[in-house]
Amino acid sequence: MPDDASQFLLPFLEARREGLYARAFDAFLDPIVPVPRAILSHAHADHAVDGHALLWATPSTVALYRRRHPDWNGAAVELAYGEPWERDGARLRLVSAGHVLGSAQVRFETDRDSLLYTGDFKLRPARTVPPVESPPSAALVLETTFGLPVFRFPPREELERRIVAVCREAIAEGETPVLLAYALGKAQETAAILTEAGIPTVLHGAAWKLLPEYAAAGTALPLSRAYETGPPQAGEALITPPSTSRTPMVRAIRRRRVVYLSGWAIRDASRSELDADVLIPMSDHADFEDLRRHVRQVGADRVVTFHGFARDFARLLPGDGVAAAPLLEREERPPEDP
Amino acid sequence: MTPYRLLAETLESVAGTRGKLAKIERLARALSALENGELELAARFLSGSPFAEHEETTTSVGWATVARAAASVTGWDEETLHACAVAIGDLGEAVSLLSAAPSGEGMTIGQADAFFRGLSASRTAAEKRRLLEEMLRRSSPVEAKYLLKTLSGGLRIGADLTTVEEAIAEAFGRNREAVARAHRDCGDIGETAVAASENRLEQIRFRLFHPIAFMLASPIETAEEVADELPEFAVEDKFDGIRAHAHKEGGRVALFSRTLDEVTPQFPEIAAALAALEGTFLLDGEIVAWQRERPASFFKLQRRLGRKSPEEALLAEVPAAFIAYDCLATGERPLFEAPWRERRSELERIAAGRGLRISEVFSAESPAALEDLFERARARGNEGLMLKRRDSAYQAGKRGRAWRKWKKALATLDVVVTAVEQGHGKRAGMLSDYTFAVKDGERFVNIGKAYSGLTDEEIRRMGAEFRKITVGRYGPVRAVEPRVVIEVAFDTLQRSSRHKSGFALRFPRIVRVRTDKGVADIATLEEVEQLYARLTGEAQQTPD
């Protein structure tokens, strides 16, 4: 029930039309419309809309936000992971979310209570993002994009092996691997995996333009080049967003093996939806088991779920003194896996 | 004793490759390793059918029974199973994702057959559920996935019966046409596979009383499209009923519908009339509602559909008739390969003076003459025209250019989408079925539902939009904010209690998304009333 969710959010947050509002900081968390003061968990488009007057985020997120919104003329305050911000009797700090470069969870506390807002997160380690943290908190606002038990992803090592193997096999058979991966996060992570395997990559412009931020954070991709410098040659793999799977750019590659990298790739139907040959469920979100694990590790006794299968996850979260409620009545599935 | 797992893994690998040749090659590899009984079953299972097509056997397992069994085996409640099936787009796939690590010892191909037959023989849902639970306990995820997909009637792996026919030809080095012919004549892909492996396809003789795929027609939009071919075409009215094959030998008659289901008990008067004729034959034709010595509208016939044994009163009120327009076998002799011209004269021979209704055949020398025939067909209350090349064979199951159909949309309406649902088959997981409404004052009243005629790309884009404006979910149906305006074409407009508007559209199809229009621009119920009055008025004025 939404009423429970509202109760669980107190005293730190209120659900408003623009998004979750943190009263003590007079700011919205990942608001869906431009606001005077915003705290951004990460730079994906559905969390970081253009036009905020003033925003708080990690240095990487601020840099990525500027890169993606070159005409933005607001102001930003950089908050490093762990750096405290105190206002109106409450404290706030950003902690790593493990989702994409710069991604943060937002932890609130007073002397008596605490709340962790996850933004988007994953528990599995990755090459291009620092490991996630699970700071003990009394309340947890949990993103449940994959909050159904069918979403159980294979171990990271297996997924990486499959990515490398399918690229090598395609190249050996004279085909160009085309990896459908979201432009911020998945694309660079995939390029890093392939770089380590010695496979050169060609990146779509949307992913390529973010590389300076990745380089600044220590991810070098010496075997990557921009698609602008020419289509992939024999032996190279193309990394491009899922939305481009039916564009002339991809179709021009006559001998191609299209690999969809996303949690949604666990559905056979995504093969025909994206015209893909190979489905590899590599996600930047927590799967069902990891969602439960995060709840346990944080040790929250009140959980508010949002995004994806929020209602189902809240219903399935076992008792043990944990109460859960979905934030939104409306279930939404994002078109991609940002 | 080959494990069913090998077939399941073959199906999984066929699903995972796009190329038609690669699919055929993988199916062929699985088939060529088998013989006799196992081969027979494997060919059926690989084509997604638990039984031979000619068997009047069904597993009759409902979604709810499968969900209940899966709930008990996986430990997840039914509500979660339902949510998972909707999220994944397929129940079998969802169950396999919920199944724990490879568990039981699996099944042999023969045991899978026994499982399907056990389901068919069991009379109660409880018994079916027990069999399902037992199967799920002993199956690995990939086996469970394909056994359940087989039960749901669609494997969705991008391979159809024709692909399996080609795989059989490839596996045993036989001619593709010979395999297809044998399959059509015996109505069992399994028997066909065994005959192919033993190099005796030619010994398969045509048999009556098993469903045979229908030859289909490609649509045309204008008379000019076929101007050059006109002299080759025989022209018939296109009847507004349901297509059926009538098998007849002695006093025995069987009617099969387009879905290859037997519908004989639904139409006792047709069965009786055909049984009274002399001879043995297989006819293709149309079941129509029959009133005032001519076919009545499909809406009349609809009252007869789905009723296993219609009552006397309904039979009297809505009598049905069979109009034959093709003859596919007479005596023991199949006529599929014979040209239409020859099949037609057989049909006329059977009909001569013996109370079998057959279509009237016209010719049109020019597009103008074809237009004229079209108008006359419409004036007789029929849908449009069928054009059949006089020199063409009967290509069962194929939609070719030897047959053409010409209908014209009656009109189009701008309507607003009020609910969406996931499609089936290739469009599983996509929100492709739309329910739509017209305006009645400030309210929206539904007037129809259509499977999207949009491209996959458009459906995907619209799907993302619909997910954003979802206001409620009722099982698989999402109610959406009435915002998206579409233009639908339809063939007729009829009063109906099925939708709140009090009207129903026949053959509604989505012409385009009207991003240029808002909800304020959609049709009103009043306009629909006026359109109806105009159409029925016109219909009364047309000469009989």
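Helices (H or I, at least four residues) and strands (E, at least two) are DSSP runs, numbered from the N terminus.

Housekeeping: this is a predicted model, where local features need pLDDT of at least 70 and side-chain atom pairs count only at pLDDT 80 or more, while totals for chains, interfaces and linings use all residues. Residues are numbered from 1 along each chain as its sequence is written, and chains are lettered from A and ligands numbered from 1 in the order in which they are written.

Back to α17(B). I found L370(B), L373(B), F374(B) and A377(B) buried (20 or more other C-beta atoms within 10 Å of the residue's own; exposed is 12 or fewer, partly exposed in between, with C-beta atoms placed from the backbone). Down the helix axis these buried residues fall within an arc of 105°, so they line one face of α17(B). The arc is that of the directions from the helix axis to the C-beta atoms. On the other side of the helix, A368(B) and E375(B) are exposed. I also checked the cover over the buried residues, which includes β2 (233-238), β9 (384-389) and β10 (399-407) of chain B. Just after the helix, G381(B) takes a positive phi of about 90°.

Next, the cores. The largest nonpolar core has 176 residues, and L31(B), A42(B) and I168(B) have the most contacts inside it. Such a core is a set of buried Ala, Val, Leu, Ile, Met, Phe, Trp, Tyr and Cys residues joined through C-beta atoms within 7 Å. Helix α5 (residues 78-88) of chain B gives the most to this core, seven residues. A second, separate core of 53 residues includes W290(B) and M386(B).

Last, the chain contacts. I counted 25 residues of chain B in contact with 20 residues of chain A (C-beta atoms, placed from the backbone, within 7 Å). The chain B side has 12 nonpolar, four polar and nine charged residues. Here Ala, Val, Leu, Ile, Met, Phe, Trp, Tyr, Cys and Pro count as nonpolar, Asp, Glu, Lys and Arg as charged, and the others, Gly among them, as polar. Among the elements giving two or more residues to that side are α5 and α18 (456-468) of chain B.

Definitions and conventions
Contact = placed C-beta atoms within 7 Å.
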